[in-house]
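Okay, thanks for having me, everyone. Let me put the model up on the screen, and then we'll walk through it together.

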Amino acid sequence: MLGGILAAMPGAVAQGLLWGVMALGVYVTFKVLDYADLTVDSSICTGGAVSAVLILKGMNPLLTLVFSILAGMATGAITGFLHTKLKIPPILSGILTQLGLYSVNMRIMGKSNLSLNSNKLSQPTVISLGNVNQSILISVVFVAAVIGVLYWFFGTELGSAVRATGNNSHMVRALGVNTNSMIILGLILSNGLVGLAGGLLAQFQGYADINMGRGAIVIGLASVIIGEVIFGVRFNFAYQLGSIVCGAIIYYIIIAVVLQCGLQTTDLKLFSAVIVALALSLPLFKNKMLKHKKAVVAEKE
Amino acid sequence: MLKITNLQKTFNAGTINEKKALTGVELVINPGDFITVIGGNGAGKSTLLNLIAGVYLPDAGSIILDGIDVTKQPEYKRAAMLGRVFQDPMLGTAGNMGIEENLAMAYRRGKTRGLGWGILNEERKYYKEQLAMLDLGLENRLTSKVRLLSGGQRQALTLLMATLKKPKLLLLDEHTAALDPKTAAKVLQITEQIVNENNLTTLMITHNMKDAIRLGNRLIMMHEGKIVYDISGEEKKSLHVSDLLQKFETVTSGEFANDRMLLS
């Protein structure tokens, strides 16, 4: 069994890196903007579908990722519009876009699963299961680039305004910033990253599937939380972004281990949900433990 | 400077919770005026400030700020001309961001934000000088997260942020009410200093009658959504708390004993 686990590691790391890109997108909405955006469950598939369709049409696989990003951005803009202009609550705005996108994704792909059979492609995909080690290297480059862009953006005037909007929108408006625009911008940025992750993922696994994004938000949250719990919120912003990607890798390593231990792939959704529920409730338990400790100490004194 | 004509605002119109907050406010603020605003709970003081700031839009009337009709302008647009400090110390600053980051955002009030760096190196020196004037030791904690500051420190920082880029009008909404008396006095002293040094036109709501009399060149009293008393110059200087209480008694015909207690 140990051998099986070791053999599964490279694949798990590669998957973790790719989902890490998506987790960075989730971080932008969930942590920076304080907006629980459920669009991602579908926008990741939109990114994958766009990339797959364009590759099958003969476009350069690397270039298709640009369109994956743009498609993802468009989905974020729709959620932002629903929330800021039509005043629909955040979660519901995301759910509506997510639901609507199911039909859109089907239209893009024409069927529920598009295979990128490498033998029939004119050019090899950017990354693929056929060469996991190389895929890991290329994914690291993508992750580094994304972290670099986010680090730069959130240091700019505009990025600062987006961060402040998630922190205290009241103040930001008083300082002359249109907070609605900042929310839309954050959602566009976030879903652009999710779209990119979708495109990469479709190329890596060799297909785009209508269900590929189901539960994506949970994986994203798990990565963000695992990263924060293990690596802590310290040092600079780039460190925090890096810890999220590491969180995603750890998540996929755990998944690989439990699969080797005999869990069915269909059990994974429940497993993920339980992990995230536990992780989200961690601060509560931490507080209770602290209080308990203090009470014990006080009693002794 | 600011001209308000027949300003009206009703909350929850047509429901059981209907509240006529402003029932026709007329007010002209001259450049350099430092006006203190008093009045009982529900008199419409905060509503007036919020309407000027654009948090809500009025049902009727007009607000002309520095020659521009801002009656229907969104909050973020007119923010270019306004400096604001709120009653709740948490509202004026972003707790998860550093002191210098907060200042840098305030420094860009009214400016279109682009992709240049959020803080430039040469700004830091200026922020340090400004923070040093608060005399709270914040000048050595530029990168500290604001959530680590006390309520008084946050309020002083908000005050600095509101005036870092000189506003046409400074709006202070009971900005010392949530602080302990000693801290409140300190923040009030900083307020006086900043307003006088920059000769800022200011509108300050307060619950403290002594402060209302001591500070500023003009005092207005609000009651049931209207300005019922407007006094300035020499007349204001010779004012006593007892005069204000008496005035208050007259306008309320003595019905609101509670309000009287709140004011004294």
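Before I go on, some housekeeping. This is a predicted model, so to speak of local features we ask for pLDDT of at least 70, and side-chain atom pairs count only at pLDDT 80 or more, while totals for chains, interfaces and linings use all residues. Residues are numbered from 1 along each chain as its sequence is written, chains are lettered from A and ligands numbered from 1 in the order in which they are written, and side-chain values use heavy atoms, with hydrogens and water left out.

A:Arg163 sits in helix α6 of chain A; helices here are DSSP runs of H or I with at least four residues, strands are runs of E with at least two, and both are numbered from the N terminus. Is A:Arg163 buried or exposed? It counts as buried, because its relative accessible area is 19%, and the cut-offs are under 20% for buried, over 50% for exposed and partly exposed in between, with a 1.4 Å probe and protein chains only. A polar atom of the A:Arg163 side chain lies 3.1 Å from the backbone oxygen of A:Phe154.

Now zoom out to the helix. In α6(A), 10 of the 11 residues are buried, including A:Glu157, A:Ser160 and A:Thr165. Those buried residues pack against α1, α5, α7 and α8 (179–205) of chain A, together with α3 (99–107) of chain B.

That takes us to the interface. The size of an interface is often given as the accessible area lost when the parts come together. Chain A and chain B bury about 2200 Å² between them, with 61% of it on carbon and sulfur atoms; buried area is the accessible area (1.4 Å probe) that two parts lose on being put together, summed over both. Chain A brings 20 residues to the contact and chain B brings 30.

How many salt bridges does the rule find across the interface of chain A and chain B? There are 4, each being a side-chain nitrogen of Lys or Arg within 4 Å of a carboxyl oxygen of Asp or Glu. In a salt bridge, A:Arg173 meets B:Glu75 at 3.1 Å, N to O. As for polar contacts, 15 residue pairs between chain A and chain B make them, both partners at pLDDT 80 or more. A polar contact is a pair of N or O atoms within 3.5 Å; within protein, one must be able to donate a hydrogen and the other to accept it, and residues adjacent in sequence count only if both atoms are side-chain atoms. On the chain A side, α5 (132–153), α6 (157–167) and α7 (169–174) each supply at least two of the residues that touch chain B. The largest share, 7 residues, comes from α6(A).

Next, the greasy part. The largest nonpolar core has 118 residues, and those with the most contacts inside it are A:Leu24, A:Leu150, A:Phe154, B:Leu103 and B:Leu131. By nonpolar core I mean a set of buried Ala, Val, Leu, Ile, Met, Phe, Trp, Tyr and Cys residues joined through side-chain atoms within 4.5 Å. Helix α1 (residues 2–32) of chain A gives this core its largest share, 15 residues. Apart from it lies another core, of 26 residues, among them B:Ile4, B:Ala53, B:Leu169 and B:Ile220.

B:Ala53 is also one of the buried residues of α1(B). That helix, residues 45–53, has 8 of its 9 residues buried, and just after it B:Gly54 takes a positive phi of about 90°.

Last stop, the strands of chain B. Four of them form an open antiparallel sheet in the order β2-β1-β4-β5, and two strands pair if DSSP finds at least two bridges between them. The edge strands are β2 (19–29) and β5 (68–69), each pairing on one side only. Strand β1 (residues 2–11) and β2(B) pair over 8 bridges, with B:Phe11 opposite B:Lys19.

Elsewhere, β6 (residues 82–85) of chain B runs parallel to β7 (residues 169–173), joined by 4 bridges. B:Gly83 has B:Leu170 as its bridge partner. Both faces of β6(B) are covered: B:Leu82 and B:Arg84 are buried on one side, B:Gly83 and B:Val85 on the other.

How values were computed: Contact = heavy atoms within 4.5 Å.
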